[in-house]
Amino acid sequence: MIGMLSRSIRAGATQKQSLCALNRTTWRNKKLVRGYAAPPATLHLHEDCLELHYRGSRMHLDYVWLRDHCRSDTSFNFKTNQRNLDTGSIDLNIRPDHSTVEDDHLILTWPGGHTSKYSLCWLAENSYEGKKQSTIQPRILWNADIYNDSHVASSKWDTFMSSDDELKTFLQNYLLYGIAFVDDVPATVEATEAVTQRVSLIRETTYGRMWCFTSDFSRGDTAYSQLGLDRHTDTTYFHEPCGIQVFHCLKHEGTGGRNLLVDGFYAAETIRQQSPEHFELLSHVPIRHEFVESDDGHHTHMIGVGPILNIYPWNNEVYLIRYNNYDRSVINTIPHNVVRRWYVAHRQLTMELRRPENELWIKLTPGKVIFIDNWRVMHGREAFTGVRQLCGCYLSRDDVLSKARGFGLQA
């Protein structure tokens, strides 16, 4: 577990160099220090693929894949970053007539005379073998002590709204930890909307665009009460759960009401290390989540289906957790001989999520806006008394990640 955490922390803190950049650095260092000569790339043409050995890596590249990924001007439009080539026109039995490596490029000549040229670094980064060993999004997995010891600074309203450097730092913190804060925001719905739009597009849902609520049970959801809420992610009943949750406490005249945050990926990685068979069940068994509302003009029936843990199949990296015991529906998607084993796996995950050392408790006050990665970090709250008014919204995850990539961040 400690090794897993330190690997995640190192990956998140250093933003992990690309393979090509690492190779270039290694080459420079070896050439400078020891006069090291990098071994040349070697090719082996098999019946169904080209085998490429380059800088200690072995890649198997399908011939159709190679032709489909040609970056010549006739095959690819570099102005739009879109493919020109009609993939459906490629002969599925295609093989190159000639192949060679020149100046760190693979050059293939195809039947009919078309020539394709590929950077070896590009092939290494985009091969299956390369992607299987790389992280899509570096993260720092945390419990309460890890997060508190990191001393992650909040952004300030004035600077955040005017400085792209501050926005980049905010996005970096959000990507690494799954939560980020902006302080000194005016305690109004309008200011909250403005600060969220600095980050992304607002995602309108059945709850509206910007919402503002108190404990008046105006909607058929426990959130509209004074009751405590256990840790959960929102909108698990959507086919694509909302990506980012934004909260701003505009007013609280009473006691209690602290907010709970738990890093779901930290718990998931613990399960992976301790009980791989439970991780396998939680990441493959489809579970229904459902929201039904029919009162005072609101008629809503949402159903979303997916495993508790969602992973990328090529590198087993967790990218989404659906955990909401309130909205989990009837379990009728798996046979009886799997149900009990799933409950055992779910229980272990629940126990991990409920460990006191994994709970980060904060008090939202007027002026402090929190952005939560709803695909990763669970939120909850303790019961409260008095009048408590919150506003917030959901944000489009795609647009947040797009903005981060625009700053050169890995997302």
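Residues are numbered from 1 along each chain as its sequence is written. Because the model is predicted, local features need pLDDT of at least 70, side-chain atom pairs count only at pLDDT 80 or more, and totals for chains, interfaces and linings use all residues, while side-chain values use heavy atoms, without hydrogens or water.

**View 1. Three antiparallel strands make an open sheet, in the order S6-S7-S8.** Strands here are DSSP runs of E with at least two residues, and helices are runs of H or I with at least four, numbered from the N terminus. Two strands count as paired if DSSP finds at least two bridges between them. S6 (98-102) and S8 (115-119) sit at the edges with a single partner strand each, so one side of each has no neighbour in the sheet. S6 and S7 (residues 105-109) are joined by five bridges, and glutamate 102 stands opposite histidine 105 in S7.

**View 2. Another open sheet has four antiparallel strands, in the order S13-S22-S15-S20.** This time S13 (229-232) and S20 (360-362) are the edge strands. Two bridges pair S13 with S22 (residues 377-381), and leucine 229 stands opposite arginine 381 in S22.

**View 3. Helix H10 (residues 264-274) is mostly covered.** Eight of its eleven residues are buried, which here means under 20% relative accessible area with a 1.4 Å probe, protein chains only. Among them are Phe265, Tyr266 and Ile271. What caps the N-terminal end of H10? It's aspartate 263, with a side-chain oxygen 3.1 Å from the backbone nitrogen of phenylalanine 265.

How values were computed: Buried < 20%, exposed > 50% of the residue type's maximum accessible area, 1.4 Å probe, protein only. Polar contact = N/O pair within 3.5 Å; in protein donor to acceptor, adjacent residues only side chain to side chain.
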